[in-house]
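Thanks for asking me to look this one over. Here are my notes, as numbered points, to read with the model open beside you.

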Amino acid sequence: MTFRAKYVPAVAVGKLARFATRLRGGGSAFPGYVANRLAPTLLSSIAAQFPAGVVFVLGSNGKTTTTHMISEVLRAHGLRVFTNPTGANLPQGVTSAFLADATLFGRVRADVAVLEVDEGYAADLADILSPRVIVALNVQVDQLYRFYETERVADMMLDAATRASVRVVTNRDDPYLSKIDPSTLRAPVSFFGASDEVVAASAHGLNNAADTRSGTAQAIRHEAESEVTAVSGREVEISLEGRSIPVRLPARGLHYAVDAAAAVSAARHVLGDAFRPEAAQAGFAAMAPAYGRGEVIPLRRDPAGELVEFVMFKNGPSLQLNIDALDGTPERLLFAIDEGTPDISWLYDVDLSAFDHVDVITGEKAHQIATRFAYAGIPIGVVEPDLEKAVEIMRSFPVTASGRQNWFVNYELMMIGRRVLGHGDQEIARR
C-alpha cells in the first residue's frame, strides 16, 4: 500500500465521525481519537508535509489567542497555514483539526502548521511532529486538580522546549520560564515580555506564578527580542529587536499584548529574512478575535441589534487579567462556569471589585459563583443554572445604552453560548 493510500481508511472514518458529531452539536476531539486508533502513525506523517515546519504554542493561558495571532501574521506574509483554531489541543484534538482540512489521502495543502498543544502532552507530541519553533507563554496557577503543582507545568514546557530544532521563544517575565537552561536545548532561545512601565500600569501585573523552588521567586530579566512598550486599549507598541511596530489587537488587555509580542517573535523565526514588520501590522489589523476570546456576536437574530462580547476564562489568572482589561463597569453582565471546571475555589483569589452587579449567574457552578459574589457584596440579579434559560433572561432585558452585554464564561459554556446564539464551532464573528 502506498504512503498516500494507507491512510485512506482512517481518514475516511475520521471524517465520517466528524460529520456525525457535528450533526449532534459537539465532540470535536472524538474523530481524532478514532483516526489515531485506526492509524497510529497518522499524526507523524503530518510534519514532513509542511515546508516551513511545525510551530508549537504552550502555556497556562493564551495558547489559542497566540496560535491565532501567529497564524494570521504568517498568512499576511503569504503562507498557507494549518492550525487548530477551536483550541482542541490534546493529540486527538490536533488530529481532528487535521481531518477538517485533509484530503482522503491524508494530505494538507499548507506551508506551515501552527498548533496549540496541551502541556501534559507537549513532549510526546514534539517527538511525533518535530516542531521547529516552540513558544512557551507562561506558567500560571491552573488545573491543580490535574497537575497538582505549577512547577510540574513548567517542567513539562521546559522538557518540550528541548525538542525545538530552530528556536525556543519564551517569556522573560515568567519566574519559571525565564530560568530556562540554554545548555539543555537544541535551538537558541529568544525572549519576549513587557516593559516595567507597562506591567506596573496593570492593576494586578501579569499574574504569572512565583517560582517556589529555585530560591529566587521573581523572573530573571533577560533582554527581550520582542517587548511590549505601550498599551492603550487595543492599540499597542511592540519593539522587535529595537524597531517599533504598532499593532491593533483583536481584543483588549495586557495579556493579549504580551501574546502579540510572543507571536511577532515566533513569526520572525518561522520566516527568517522574509519577515516584514509591515506585513505583521497588516495581519493584526485584519485579525478577528480568536475563537470565543473577545468575539462579539448578535444577541438576537437582528444583526444590527444588541451585541454580546464573550470574555472566556479558564482559571483565576485569566479571569483577573480579563477583568483588569475592562473598559469601564459592564452595563449588563452574565457570569457562567460549569462542571468542566471542577474546582472553582480560585474564584476567591480574584478581585471582583470592577463589577458593581451581575445580572445573571448560570452553569452547574452557578450557586457556588453566587456565594462568591455575595461575599464580595456584589448585587446579584438571577441565579439560573440552565444556560439556555439564562440566555432568554438576558434577551428579555431592555437594550443597553452601549448596545453591548458582557458574558464572562468558561470554555464549555462559551461553546454552548455561541451555539445558542446561532454560531457554529468555527464560525468566527468579526467586530
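1. A contact here means heavy atoms within 4.5 Å. With that in hand, residues 24 or more positions apart account for 72% of the contacts in the chain that have a separation of 6 or more. Buried residues (under 20% relative accessible area, with exposed over 50% and partly exposed in between, using a 1.4 Å probe and protein chains only) make up 58% of the 431 residues.

2. Please keep the origin in mind: this is a predicted model, in which local features need pLDDT of at least 70 and side-chain atom pairs count only at pLDDT 80 or more, while totals for chains, interfaces and linings use all residues. Residues are numbered from 1 along each chain as its sequence is written, and side-chain values use heavy atoms, with hydrogens and water left out.

3. The chain has 14 helices and 15 strands. Two strands count as paired if DSSP finds at least two bridges between them.

4. E7 then pairs with E8 (residues 235-240) in the antiparallel sense over 6 bridges, where Val231 stands opposite Val236. E7 and E8 form a hairpin with 2 residues between them, and Gly233 in the turn has a positive phi of about 65°.

5. Another open sheet has 6 strands in the order E10-E11-E15-E12-E13-E14, again with mixed pairing. E10 and E14 (380-383) stand at the edges with a single partner strand each, so one side of each has no neighbour in the sheet. Parallel pairing links E12 (residues 333-336) to E13 (residues 358-362) over 3 bridges, and Phe335 faces Ile361 in E13.

6. Two helices deserve a mention with that sheet. Helix H11 (residues 316-324) lies across E11, E12 and E15 (404-409), running at about 165° to E15. Helix H14 (residues 411-420) touches E10, E11, E12, E13 and E15, and its direction makes about 160° with that of E11.

7. Finally, the cavities. A cavity is a set of points on a 1 Å grid, over the protein atoms alone, where a 1.4 Å probe fits but cannot get out; lining residues have an atom within 4 Å of a point. Grid points are joined across faces, edges and corners, and a volume is the space filled by probe spheres set on the points. There are 2 cavities of 30 Å³ or more. The second largest cavity has a volume of about 110 Å³ and is lined by 13 residues, with Arg252, Tyr256, Glu309, Val311 and Asn322 nearest its centre. E11 gives the most to this lining, with 4 residues.

How values were computed. On a 1 Å grid over the protein atoms alone, a cavity is a set of points where a 1.4 Å probe fits but cannot get out, and a pocket is an open set with protein on both sides within 12 Å along at least five of seven lines; lining residues have an atom within 4 Å of a point. Axes are lines fitted to C-alpha atoms, for helices over the stretch in contact, and angles run from 0 to 180 degrees between N-to-C directions.
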